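Hello,

Here is the structure we talked about, handed over for you to look through. My notes on it follow below.

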Amino acid sequence: MKIEPLRIGDLVARLPIIQGGMGVGVSLSGLASAVARAGGIGLISTAFPGYDEPDFRTNLLESNIRALKKHIKKARENANGGVIGINAMVAISNYEDYVKAAVEEGIDLVVSGAGLPRNLPELVEGSNTKIAPIISSAKGVRVILKLWDRNYNKTADLVVVEGPKAGGHLGFKKDEVFSSFETFDDEIPKILEEIKIYEEKYNKKIPLVVAGGVFTGEDIAKYLKMGASGVQMATRFVATEECDAHENFKKAYLKTNGDDITLVKSPVGMPGRALRNDFVKRTEEGNVKVDKCYRCILPCNPATTPYCISDALIRAVEGDVETGLVFCGANAGRVEKIVPVKELMDELEQELLSIPE
Ligand SMILES: Cc1cc2nc3c(=O)[nH]c(=O)nc-3n(C[C@H](O)[C@H](O)[C@H](O)COP(=O)(O)O)c2cc1C
C-alpha cells in the first residue's frame, strides 16, 4: 500500500512509525536518533536518563535533567533533521521538570502516559512542542481531550492509543489484559469518533497512532486501514544495534520463546509486562527488600512496595537480566535477531509497500 508520511502539525516523518519511549535507559539518544534518521520518530525516555551519571544516587533530579538535556542535544546532532520527542511518565516525581527541560531544549514532541497528563498543555505553553497523551480506551481519550479543551482551550497534536500487548506498564486492570486482546481493535473506530469532535472544533488533523503488539508491516497496514495515521512500536526496537540497553537485555529477547513473559505488579500501580526471571519469581514470593528509597514514583509507598522499580530496571538495562526487571511486549518471543535500525525500518517499509490497498 502507498505510505503516507506521519504529519503532526508541521512535523513530518517519512514513515508512520514512532519508536515508543522505553525506560529506564532503553531508549536514549542512540536509539531515538537512529529511528529519526531512518525516517521514523524517535522518543527518548525521561524515566531516569541519568541512571549512569556519577551523582545519580545523591542528586536524583539534577543528574537526570542534565542527562536528559545531553541526550536531546546528542539525538538532534545525529538525527539528520529527523523528528525527536520524549516519553514522559506522569507517575514519575518531578514530571513537570522533565517536560520543561525538554521544551527548553526545543524538543519536537512530548508523548505522555502512565497517568493522565492533565497539565501537559501548560508545560509546553509558548513553545512549538507538540503534545500527545497515551491512552488505552475511547473513554480515556474522551476524558483527556475534554479536560484539555475545558481547562486550556487546547487539544492534542497527536493521540497514542496503547493496547494490551504492549511492554512495560499497561493501562488495563490485570484481569482485563487478556480479554482485551480480543476487544482492543474494536476501540479504534470509537477513538476516532472521539478525536473527530476536537478535529472539527479546532479545525486541525489529530493523527491517531496505535501501539502494542505491532510487529510487521502487515500489522501496521491493519491499523492504517482502520483510519490510524501510524503506529508506535517498542519491542522490535529493543533488538537493534542502536538500542541503548546492554547487550544482555537484547539477548534476553532473543532467548525467550514467549512462554516466560508475564504480568508483574508494579509500584507505579499498574500491571507491567516483563520476562519472568529470578527477580520476578522472588518478588512473587515476597523475597525482595528495598534498601534505599529515592521517592521517584509518586504512587509508590516505600513501606508496602514489593520492590524498588528504579533499582530493578537499572540492573536490567546494565545487563543484569536475572536480578533486574526486563520489561518486554507480548511479542518479544517472536524476536529472532539483533539488526541495525535502518534494516528494521527498511523491512517494515517493504512489507507495508507489498500490501494491497
Ligand atoms: C522495555 C520497555 C520499556 C518501556 N518503557 C516505557 C516507558 O517508560 N514509558 C511508556 O510510556 N511506555 C513504555 N513502554 C511501552 C512502549 O513505549 C510501547 O508503547 C509499547 O511497548 C508498544 O508495544 P510493543 O512493544 O509490542 O511494540 C516500554 C516498553 C518496553 C518494551
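**Notes on the model**

P121 is placed in helix 4 (residues 120-123); helices (H or I, at least four residues) and strands (E, at least two) are DSSP runs, numbered from the N terminus. This is a predicted model, in which local features need pLDDT of at least 70 and side-chain atom pairs count only at pLDDT 80 or more, while totals for chains, interfaces and linings use all residues. Residues are numbered from 1 along each chain as its sequence is written, and side-chain values use heavy atoms, with hydrogens and water left out.

**Around P121**

With a relative accessible area of 1%, P121 is buried (buried means under 20% relative accessible area, exposed over 50%, partly exposed in between, with a 1.4 Å probe and protein chains only). Apart from neighbours within four places in sequence, P121 is in contact with I131, W148, Y152 and K154 (contact means heavy atoms within 4.5 Å). The C-alpha atoms of P121 and N151 are separated by 9.3 Å, and these residues are 30 apart along the chain.

**Helix pairs**

Two packed helices are described by the angle between their axes and the distance between the axes. Axes are lines fitted to C-alpha atoms, for helices over the stretch in contact, and angles run from 0 to 180 degrees between N-to-C directions.

Helix 5 (residues 138-152) and helix 6 (residues 179-202) have axes 8 Å apart and pack at an angle of about 15 degrees. These two helices, helix 5 and helix 6, are therefore roughly parallel (angles under 35 degrees count as roughly parallel, over 145 as roughly antiparallel, 65 to 115 as roughly perpendicular and the rest as oblique). The crossing of helix 5 and helix 6 is right-handed (left-handed if the near helix is turned anticlockwise from the far one by less than a right angle, right-handed if clockwise). Among the residues that make the contact are V141, L145 and D149 of helix 5 and I191, I195 and Y198 of helix 6.

The axes of helix 1 (residues 29-37) and helix 2 come within 8 Å and cross at roughly 30 degrees, which makes helix 1 roughly parallel to helix 2. Their crossing, helix 1 with helix 2, is right-handed. S29, S33 and R37 of helix 1 meet H71, K74, A75 and N78 of helix 2.

**Rings**

How many aromatic pairs does the structure hold? There are 5 aromatic pairs (rings of Phe, Tyr and Trp, the last by its six-membered ring, pair if their centres lie within 6.5 Å; planes under 30 degrees apart count as stacked, over 60 as edge-to-face and the rest as tilted). One of them is the edge-to-face pair of F48 and F56, with 6.2 Å centre to centre and 65 degrees between the planes. F48 is buried at 3% relative accessible area, and F56 is buried at 2%. The rings of F56 and Y294 have centres 6.0 Å apart and planes at 40 degrees, so this pair is tilted. F56 lies in the loop between strand 4 (41-45) and helix 2 (60-78) and Y294 in the loop between helix 10 (278-284) and helix 11 (309-317), so the pair ties together parts that are 238 residues apart in sequence. Y294 is buried too, at 10% relative accessibility. Ring pairs link F48, F56 and Y294 into a cluster.

Regards
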